[in-house]
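Visitor: I would like to learn how to read pockets and interfaces in a multi-chain model. Could you walk me through them?

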Amino acid sequence: MSSQIPNKGKKEKTKKPPKKRGQWYEVWKRLRSNKAAIVGAIIIGVLVLTAIFAPFIAPTHYRTQDLDNRQQPPSFEHLFGTDNFGRCIFSRVVYGSRISIQVGFVAVGLAIVVGGLLGAISGYYSGHVDNIIMRLMDILLSIPGILLAIAIAASLGPGLVNVMIAVGIGSIPRYARIVRASVLSLRDQEFVEAARAVGANDLRIILKHIMPNCLAPIIVQGTLGVAEAILSAAGLSFLGLGIELPKPEWGAMLSEARHYMRDSWHMSVFPGLAIMITIFGLNLLGDGLRDALDPRLKG
Amino acid sequence: GCDGEVGQIENLIVAQGSDADSLDPHATNDQPSSRVKKQIYETLITQDENMELQPGLAESWDQIDELTFEFKLKEGVKFHNGEELKASDVEFTLLRALDSAHVGHIVGAIDPEGIEVVDEYRIRISTVEPFAPLLAHLAHTATSILNEKAVTEGGEDYFRNPVGTGPYEFSNWEMGNEIELVRFEDYHGEPAHIPMITFRNIQEDGNRTIELETGEIHIAYDILPQDINRIESHENLTLLRDLNFSTVYLGFNCEKEPFDDVRVRQAINYAINVESIIDAVMEGSGEVATGPIGPEVWAANMDLDPYGYDVDKAKELLAEAGYEDGFSTTLWTNDNQLRQDIATIVEEQLLEVGIEIDIEVLEFGAYLEATADGEHDMFILGWVTVTGDPDYGLYSLFHSNEFGEAGNRTFYANERVDELLDKARRSAEPSVREEAYMEVQEIVREEAPWLFLNTGEDRTGLRSDIRGFVNHPAGHHALWTVYVEDEQ
Amino acid sequence: MKSKELLKIKDLSIEYRTDEGVIKAVDKMSLEVGVGETLGIVGETGAGKTTTALGIMRLVPNPPGKIAQGEVIFRGENLLEKTEEDMRKIRGNKISMIFQDPMTSLNPVMTTEEQIAEVIILHQNVGKQEAVEKAKEMLNTVGIPVERGKDYPHQFSGGMRQRIVIAIALACNPELLIADEPTTALDVTIQAQVLKLMKNLKEEFETSMIMITHDLGIVANICDKVAIIYTGYAVEYASKEELYNNPLHPYTQGLFGSIPSIDEDEDRLKPIKGLMPEPTEIPDGCPFNPRCPKVMPICLKKLPTRTEVKTGHFVNCHLYNGNDDKVGGA
Amino acid sequence: MFRYIGRRLLLLIPVLLGVSFIVFSLMYIAPGCPAAISLGEQATSREIEQLKEQMGLNDPFIVQYGRFISDIAIHQDLGRSYNTNAPVVDEIIGRFPTTLTLAASGVLVAVAIGIPVGIISATKQYSLFDNVAMVFALIGVSMPNFWQGLLLILLFAVGLGVLPSSGYTTPMHMILPAITIGTSSAAMITRMTRSSMLEVIKQDYIRTARAKGQKESVVIYKHALKNALIPVVTVVGLQFGYLLGGAVLTERVFSINGIGGLMIASISTRDYPLVQGAVLFIAVTFCIINLLVDILYAYIDPRIKSQYK
Amino acid sequence: MSEKIVEVKNLKKYFQTKKGPLHAVDDINFFIKKGETLGLVGESGCGKSTAGRVLLRLLPATDGEVFFEGKNILKLNGRQMRKARRDMQIIFQDPYSSLNPRMSVEEVISEPLLINKIYKNKKDINKRVKELMDTVGLSQRLVNAYPHELDGGRRQRVGIARALALKPKFIVQDEPVSALDVSIQAQILNLMEDIQDEMGLTYLFISHDLSVVKHVSDRIAVMYLGKIVELADYNAIFKRPLHPYTQALLSAIPIPKVDVEQKMIILEGEVPSPVNPPAGCRFYGRCRHRMEICKDTNPTLTEVEKERFVSCHLHP
Ligand SMILES: Nc1ncnc2c1ncn2[C@@H]1O[C@H](COP(=O)(O)OP(=O)(O)OP(=O)(O)O)[C@@H](O)[C@H]1O
Ligand SMILES: Nc1ncnc2c1ncn2[C@@H]1O[C@H](COP(=O)(O)OP(=O)(O)OP(=O)(O)O)[C@@H](O)[C@H]1O
Ligand SMILES: [Mg+2]
Ligand SMILES: [Mg+2]
């Protein structure tokens, strides 16, 4: 069908088919051109690297104490100063990135898996199943997230794993709703019908045709969700529910530092900044992803 | 002036870290409530800040026999509702207390059948078996004397319509927030100086200091160790620091390996630099505990040697016990900052002698349950000898009848200790008791079911012009003696 | 030329600057509309029809759009040189516009009569009360029961909404009405209703009109003159009769060959081969050259200029440029 | 409309039943016995046993839950607190207004900042104002509330000494907490308003309004804003609920004795009736706020109104 | 040529909606002969797509029978149905939503082959995909392209290739060209015609564009509000429409000619809601010839002449 006439306006048609570059490539291209998102990605990248290489970056172990050098202000030896046990705050903040990343991703991962599954079932099968699941979600939603998390964390007891579970459960409804909405809109798309017309069964349709297309909103929500989860977890730690001594959870560090705030500003400022920058980065990235995944939404 | 003329302020604002739970002395036994109740109610006997027994509502008392005391009540004492105090009120109060789950143990020794109203102002109280600490127990706020009519009328809501004989009467309670008391004008003793008291609930410890600094409140209880300097160096503020009846300890589960070996327990006592803990965690407040009860408690054994910090000795002992390479174990605590901080340091210091610790922070409820069930290895708790009598501080904690919930969460058992504790409890003779307690403390120190940490301290922050305030070692301080110094 | 000239577009170029590159949505477009005349603008998706209309109204979204050059002369005045203030007085008053999608071009939170009255208040010196009265009249004119003026857009069907849009456009009795595919979203029977209404109103109000469409049937039905545009570029411009009976440009011919006939049997359609080029990759020379069955070497190099083949029949094609090579980029 | 409200209120019942069941179960499976906690570290097992019996804690789960539900159903009573013996309702009523005030002031702060800034940002997209506003919005979202609260106390109460740091006795006391709790929502609302506004500005009917010759300011405030506010209203509603919950942290920082603190305290003392009461109260409030938002919705958006029959 | 490959009897499809049952397809009857193209026209929402889908069992029918080569496919069990599907395919209207945006051209076209395990090894599949792409005129270089990189016409070709992959006998075409520009539309129409000739396919061609339907169909069925109102040879319908709706529909199409004077029949009102439709003739409200009887009695589709069916009281 292509034109026989040589055309210098367009490049010569390549003989070999071009590399397979899916929508994700487009997304990546759009994301790349968004400066804010790149800043976000860099922040998160640095954070992840910090977490991975924490032992190499931190000058001391997070638990190493030096009771003779308590509450030292920042110096060359201890970039962020020391805390009330003489522990190096820089080291603790560095190690803390591991915890925050873990908490954020595990909690959100849990919420996405459970919520996504519930949402998919709910959306795909509709009817009674849908009704029951969504009413359940309504019930979960009618308790503000942090309170639900507090109730869950309190009944499970303090500890990071429990915080992850608590925060995760609290955000299940959100993902269930997103996935359900996506599934509902996808379910009646013609390509799903086309798949059915060529003999695909429910499983294939859900896994191959519906799920991959729900991914975009989940990724966006997930990125922002990680941010929220980290904040919630910090909040729970602040309330004393996330503690796993002597792990350097940022929220817990802040919580401990509050008694020393007036004398040793550095004890609270650095963990506070660490949380802030992390959330900032995740938000930038999340916003960028939203724009990149759904160009229509771009302002 | 300083001889007790009326202060210049109308309303004394006192802040503590929690609201009272209930103003019914039999409904709860928590410190914030007691601090309020102390102003409203009175007991038959009181203990001054030196823990000397003083007449309260009872003018005098006599021991009739090994089991029985007779109390003579002060006449003309008015309750806030206008009723007069009668012996029947005392009987009513004690019987009611005995029924209470919360405070039953305080009066538990009393034989309900053995309460006998002799006449309007005289009452006899008998115990089931000889119980020497009885008088001290009757000074506890839980045995505050209630008015039968008020209680009956109050019904389920008595807890927020309390009626006592104290210098202040209850006026208003904004639940969760603040309680207002006003001076009781018909008070039988010397009337209070300040017409009104407001107890404010300021949870955040640091905020109480800030509020004190900014002049929003007059008295702040339970000042953070971190704020000691700040208040002491503040020109308008004073800090009162006094040792109290509390002891903080790290208990070992003596039934469990390796803590069933006394050498291990001793080794840990040597391995920990308690002084550094006190410095780091409590900013040097309180004192190193040498034994199970602090110096403020009667019959405290002041001759006990502190273990001291001696890592070599610790290692030696561990080696003897067969743990030259150390071992791993867990340390439990609840979500209390102080205890967590202690745990953090203990963990680090025990590494020195090869003991690796996993700190588990439990929620208070779970913590109590689990330590009572003996699931733990090591744990951190405190004990307040509220009555100031060593029986209260030693019996529950070290008697083998009291395993678990009852108080002996170390599951420590020693026949000699049991014997001595029983003897001291029964004997009416102070010297006999004292001797027994001294020995108990020696044994306990030696056998070390605890890592002895520290004796607590009450820190009350005051505005400098506040006078007449004294810390009471039981933690509930009298406020009717408080006044404001004239500016001249 | 039947009558006096109302609007004259000269060398109008409009660009969109996007991440993918610059899109020349309208490229050196020249058109005229006479008083009382209806001009049909025909082109396929992306040809630049809507952009042209927005250009006339000076409503090209900016960014990313920009009017790069040209003149839009309305009643002798160049609209592109007017202040925004003056332009506002013209919009909705002298020139008004109907958009393609009736479902989205009404404000969902305002009642219909409010929306009609708004334009009346803006351009006629009347109070609110009077404006609403006039709005009701307009509703009546377009055949919607007056009492439904208090209803919201979502309570109407597509055809009715399009009539409301028409009522708004005609409320101030404009001299020029630009209708951007006003019936594309409608069913044929409803389309017939709307077209008939427009025809009647046009006569009643003596409005000149630009009818944008991709349907040659509608053009035949309603227009006087036709411009065929391809990639932002008017390839042929003539009176309706002239164009239908004697289409000259290969693209125009291709269009006619592509539509199945309703009253004759044909075995096979004769489509234009190939596809519309990407808007960012318009080929050099004549943009139609890759698809043109009569392509010549010159077509790859030079943009053909507008040639008046017959009085009033303009074509932009090298076939009709004669051997005049110089006119290339003029 | 009234039927709709009625139906929604009726629908509350199963939701609340579900909520209470979840909370009850959570408390039930939580380790720690309310009696033991209530009696404290120095209680004896006899006392604990006595109290447990007294509180009915030895009954099976279903019996306890049934008792709770039937108390509500029959006596319209949420029971009495294990801890204080005060009627749960009184305990809550004592604190709830404080929390509600806090959340409402937070929302007020959030709306007062978020909507105008969002609008300006949207209309001046990519301008300096827009960029700065967006960075601030992001910072607002990113900063942990409790930390911000602590910093505000340091600055305004300790440093400048102009505002009180704790408690809630005068409106002045609410300023710092409201700012603390409001900023993150303000940020959220700013972003939402902005993106919603940008979305609406692209709509055809805005183009129609311009084609009428309408002034740009009128186009923005009359045509665009009302439409743009529709999703913002939901966010504000959600934020209100979220703030009710988030108040927990702020209350703690500012030692405000509200329902959040009550809830945490009662959870840790396993004061089941109080936990139940507090959660139910919040859930009801949350649902009612949602209902109000939906009604408000109908006011803004006639399309939705016609669905409420 | 007269062998019936598809026969639809009393087919009904009601959707449950909040306002009541929506009669999307309400008791329709028709058959399609092997090798022919049956055009199905009607305005938006009249139930054309629903009919097509129910016919392929992509939607469950409320009632009725659909015979494909003599078997009632609505009664087949899962396995039999999957087998039957190979013979019956569908091409959709919207070239955007009909392709999974996350699947490349190759994946889309090979999916039917994979699912039905037509070929054992990958090479054969690739070969077949290439073949199909050639058939529909897609350049080989597009095998790895994703839908968003393709224009509407090419996407539609991918959809056609997918439908052809299993070598079906019968294809439902649900407005395959209405989203396309005229020049592309013509290309696709030609392509489908070629394929039909080559493979002897049978089409059910759904469209609202009468000129297109006329161009491709042998016979035409006109639908209105869930019912077939007229069904006949395309010539008959265009030359001499019998049903008032068909007449109006035909007259309303603007003819792209300048020399013919067109007389449009303008219908009043709009299509009523298919929820709880009136008892009588569905067209009653808009009909120029309505009679008393039309109000309450629904006419049935009757053969008024040979192979000419009308559902109207004017033609009893
Ligand atoms: N806001 C915009 N930003 C970027 N490109 C645009 C914008 N609006 C239109 N375009 C591009 O400009 C070109 C012309 O668009 P225009 O809308 O004028 O076409 P049209 O002829 O009206 O098409 P249609 O028949 O689809 O309405 C197209 O390539 C389109 O993609
Ligand atoms: N899944 C569904 N649920 C409820 N109603 C539906 C559903 N699918 C279609 N309908 C309704 O059934 C009727 C017929 O729809 P259908 O899609 O078959 O019409 P159509 O003739 O194909 O229209 P179009 O030309 O717009 O494609 C319409 O009123 C439609 O709203
Ligand atoms: Mg257009
Ligand atoms: Mg359809």
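Guide: Gladly, and pockets come first. On a 1 Å grid over the protein atoms alone, a pocket is an open set of points with protein on both sides within 12 Å along at least five of seven lines, where a cavity is a set of points where a 1.4 Å probe fits but cannot get out; lining residues have an atom within 4 Å of a point. This is a predicted model, in which local features need pLDDT of at least 70 and side-chain atom pairs count only at pLDDT 80 or more, while totals for chains, interfaces and linings use all residues. Residues are numbered from 1 along each chain as its sequence is written, chains are lettered from A and ligands numbered from 1 in the order in which they are written, and side-chain values use heavy atoms, leaving out hydrogens and water.

Visitor: Which residues lie nearest the centre of the second largest pocket?

Guide: They are D:Met55, D:Arg80, D:Ser81, D:Tyr82 and D:Asn85, out of a lining of 35 residues. Helices (H or I, at least four residues) and strands (E, at least two) are DSSP runs, numbered from the N terminus. The largest share of this lining, four residues, comes from α4(D).

Visitor: How do I read an interface, and how many residues of chain E are in contact with chain C?

Guide: Contact means heavy atoms within 4.5 Å. Here 41 residues of chain E are in contact with 44 residues of chain C. Buried area is the accessible area (1.4 Å probe) that two parts lose on being put together, summed over both. For chain E and chain C that area is about 3500 Å², with carbon and sulfur atoms giving 56%.

Visitor: Which side chains meet in a salt bridge there?

Guide: A salt bridge is a side-chain nitrogen of Lys or Arg within 4 Å of a carboxyl oxygen of Asp or Glu. The rule finds one across this interface, and C:Arg268 and E:Asp194 form that kind of pair at 2.7 Å, N to O. On the side of chain E that touches chain C, α6(E) supplies the largest share, 10 residues.

Visitor: What is the count of salt bridges between chain B and chain A?

Guide: There are six, and A:Arg63 with B:Glu348 makes a salt bridge at 3.6 Å, N to O. From chain B, α11(B) gives the most to the side touching chain A, with 10 residues. The area buried between these chains is about 2200 Å², of which 48% comes from carbon and sulfur atoms.
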